[in-house]
Each structure stands twice: as C-alpha cells, then as structure tokens.
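Subject: A structure for you to look at

Hi there,

Here is the structure I promised to pass on. Please open it beside this email, and then read on for what turned up.

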Amino acid sequence: MLGQCEPDGAMAQHLELGLDTFGDVTTGPDGKLLSHAQVIRDVVEEAVLADRLGVDFIGVGEHHRGDFAISAPEVVLAGISSRTKRIRLGSAVTVLSSDDPVRVFQRFATLDAISSGRAEVILGRGSFTESFPLFGYDLSQYEELFSEKLDLFAALITQEPVTWQGNTRASLTSQRVFPTIESGSLKTWIGVGGSPESVVRAARYRLPMMLAIIGGEPKRFAPYVELYHKALAQLGMPSLPVGVHSPGYVADTDAQAKDELWPPFKVMRDRIGAERGWGPITRAEFDHEADQGSLYCGSPESVARKIAATAKLLGIARFDMKYSAGTLSHEKLMRCIELYGTKVIPQVRQILA
C-alpha cells in the first residue's frame with residue numbers, strides 16, 4: 001500500500017522505490033544493436049532481477065519508434081508477471097490520448113488478474129507524438145483527446161455501469177466493462193510533466209500524481225506538489241500519493257557511473273533534441289545534472305543520498321528511476337539494478353528512518 005503525503009509536504013512514512021524502462025534498443029557484446037525481440041526478452045530478465053532484489057515497482061514505457069522496443073507495455077508486463085512474485089507492474093506511461101480508454105482498462109484489468117493484483121497504470125499524454133498518426137488521431141485535438149479520454153477512464157475505474165458522451169469516441173449508456181478488478185480498485189496515476197493545469201486535473205479526478213522530472217533541480221517542482229495538495233483540500237479530499245520519475249544510473253563509483261552513462265546518454269539526448277530543436281548536450285551540462293539536477297547517476301551512496309533528499313523535499317510516496325538510457329548494454333543495466341536493489345534501496349530507507 002502506498003503511503004500518503006500530508007498537505008504540508010511531510011514525508012510519507014514509507015517510500016516505495018521502483019524502476020522504469022522504455023526498452024531502449026541496446027548493443028550486444030559485438031557493439032551492434034540488438035533486435036527489438038532480444039531487447040524485450042532482456043527487459044523481462046531485468047524485471048525478474050528487480051523482483052528478486054526487493055524493488056517495489058517496475059514500469060515499462062510505450063513508444064512507437066525504432067530506438068525503443070516496447071510498444072505494447074501490458075503484454076511485456078504480463079510476461080514479467082509470470083516470472084515474478086511480488087513486484088508491482090505498471091506503465092511509464094500509457095499514452096491514453098491515442099488509445100481507447102475501454103481497451104486500456106480491459107488490458108490492465110487482465111494484467112491485474114494474471115499478476116494477482118499487482119497491476120498499476122500511469123496515464124499520460126506522452127512526450128512523443130508518433131502514436132497519433134499511427135492510430136489515426138489528429139494532433140490538433142491533442143488536448144481534447146486526453147481530457148475526454150481521461151474523463152471516460154475515471155468513470156471506468158469505478159466499476160459501475162458507465163454513461164459517457166464526448167466528441168472523440170462513441171458514447172456509452174449504462175455500459176458494464178469486463179473483466180472486473182478482483183480487489184475492486186485498479187491503482188491509477190496521472191503522469192504530469194509540470195504544468196499547473198495538469199496538476200489541478202490530477203486532483204480533480206482524485207488520482208495520485210506522478211511527476212516526470214527529467215531535468216533541472218527537483219525543488220522546482222515543490223510548488224506543483226503544494227498546488228496538488230491544496231487542490232485536493234479544496235475538493236474536500238484527503239491527500240493522495242505523489243510520485244517522481246527521473247532518469248538515473250548506478251555503478252560502483254561516481255566516476256564510473258558518469259563515464260559509462262555519458263556516451264549513450266549524449267547520443268540519445270542529441271537525437272531526441274534534434275527532433276525538438278534543442279542544441280547538443282555538453283559533458284559539463286551532463287555532469288551538472290548528475291551533481292545537482294534530476295539525473296540520479298553515481299555510486300550507490302551518492303544516488304541514495306540524492307533520492308532521499310528529493311523524497312524529503314517533495315514529500316513523495318514513490319520514486320521510480322528510469323535506469324535505461326540509449327544503447328547502454330544489458331549487462332551494465334543488470335549491474336545497475338543489482339546495486340539499486342542491494343545498496344541504494346537499503347541506504348535510502350536508512351537515511352529516511
């Protein structure tokens with residue numbers, strides 16, 4: 001059960017610590033890119049290791065482009081569920097705008113059944129737009145699609161007969177949707193990138209908020225956490241969990257972690273940056289993010305201190321580290337997960353205790 005944050009931002013009594021991956025296409029021992037199929041199999045093995053080491057959550061992202069292997073997160077998560085016992089399973093994120101809310105609910109309800117109640121869904125608009133033309137959606141409806149579909153999904157998770165009408169899909173009248181959730185509740189988060197409107201929306205739907213903090217100092221997001229709790233209070237709601245998703249990488253020393261992550265991180269960041277009009281990242285900018293920003297890259301001790309500081313600052317209930325980065329090899333990712341589970345998590349818990 002997730003802890004809850006207090007309106008004044010006090011730290012939750014228990015911090016869940018998870019991992020996220022987008023299934024970045026990695027290189028093999030020969031330096032060549034692996035197939036999408038092999039990357040997906042490797043992601044399953046990474047999740048199995050995380051489960052064995054006591055990591056609380058594994059999230060897999062949804063993308064529809066060649067540099068990421070996972071386009072159907074629920075299928076990958078179902079495969080993971082058959083090999084794991086306790087780790088919670090979720091998306092990071094599900095691009096609800098270009099999907100059908102009923103089908104999303106059904107897929108996660110099915111995953112929840114297969115995994116004996118371990119499924120979660122994180123709903124977002126997504127920072128990539130390839131899924132819109134792929135599935136026949138007009139980007140000019142970007143805001144309307146997410147708003148309407150979130151409205152429908154919020155009705156679906158009540159598990160009551162749904163009557164709904166909008167402009168982006170067929171209406172429903174007293175419609176039941178199956179399978180039902182055995183426990184009666186599907187854990188549903190709203191992914192937020194940092195706009196006040198998105199924060200208030202999460203509160204309005206009475207859903208936990210997952211902050212994607214992928215650059216800059218975490219303290220920039222403190223006003224958003226405060227806004228979220230104030231909005232909930234104004235709605236007469238108790239405080240709900242807030243989570244953080246940020247990139248990171250763990251190796252035996254700070255220098256090793258930075259030196260191993262830097263080359264693939266730069267290639268990935270510059271490729272995506274070129275698509276969005278950003279300039280190339282420099283090593284100095286990378287080091288600054290690792291030292292003071294939202295890149296949790298370093299030794300277990302350094303990463304643990306940084307996670308604990310973010311948890312205290314924002315009063316979060318969960319921290320998910322996005323451990324994959326470009327072509328960084330499966331072997332290095334497995335070592336990162338090992339250090340995260342055996343050293344980072346115990347040290348974070350000790351610091352917060």
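A residue is called buried when its relative accessible area is under 20%, exposed when it is over 50%, and partly exposed in between (1.4 Å probe, protein chains only). Helices (H or I, at least four residues) and strands (E, at least two) are DSSP runs, numbered from the N terminus.

This is a predicted model, in which local features need pLDDT of at least 70, side-chain atom pairs count only at pLDDT 80 or more, and totals for chains, interfaces and linings use all residues. Residues are numbered from 1 along each chain as its sequence is written, and side-chain values use heavy atoms, with hydrogens and water left out.

Let's start with helix 7. Its 13 residues, 222-234, reach 18 Å from the first C-alpha to the last. Which residues of helix 7 are buried? They are Val225, Tyr228, His229, Ala231 and Leu232. These residues sit on the same side of helix 7, because they cover an arc of only 160° around the axis (the arc is that of the directions from the helix axis to the C-beta atoms). On the other side of helix 7, Ala233 and Gln234 are exposed. The cover over the buried residues of helix 7 includes helix 6 (196-204), strand 9 (209-212), strand 10 (242-250) and helix 10 (300-314). After helix 7 comes Gly236, with a positive phi near 75°.

Next, the helix pairs. Axes here are lines fitted to C-alpha atoms, for helices over the stretch in contact, and angles run from 0 to 180 degrees between N-to-C directions. Contact means heavy atoms within 4.5 Å.

Helix 2 (residues 73-81) packs against helix 3 at an angle of about 5°, with the axes 10 Å apart. Helix 2 and helix 3 are therefore roughly parallel (angles under 35 degrees count as roughly parallel, over 145 as roughly antiparallel, 65 to 115 as roughly perpendicular and the rest as oblique). Glu74, Leu77, Ala78 and Ser81 in helix 2 meet Arg107, Phe108, Leu111 and Ile114 in helix 3.

The axes of helix 3 (residues 101-114) and helix 5 (residues 142-156) come within 9 Å and cross at roughly 40°, which means that helix 3 is oblique to helix 5.

Finally, look at Ile70, in the loop between strand 2 (57-60) and helix 2. Ile70 is buried, with a relative accessible area of 1%. Among the residues that Ile70 touches are Phe22, Ile40, Val43 and Val76.

Enjoy exploring!

Technical notes: Expected span 1.5 Å × (residues − 1). Lists of a residue's contacts leave out its neighbours within four places in sequence.
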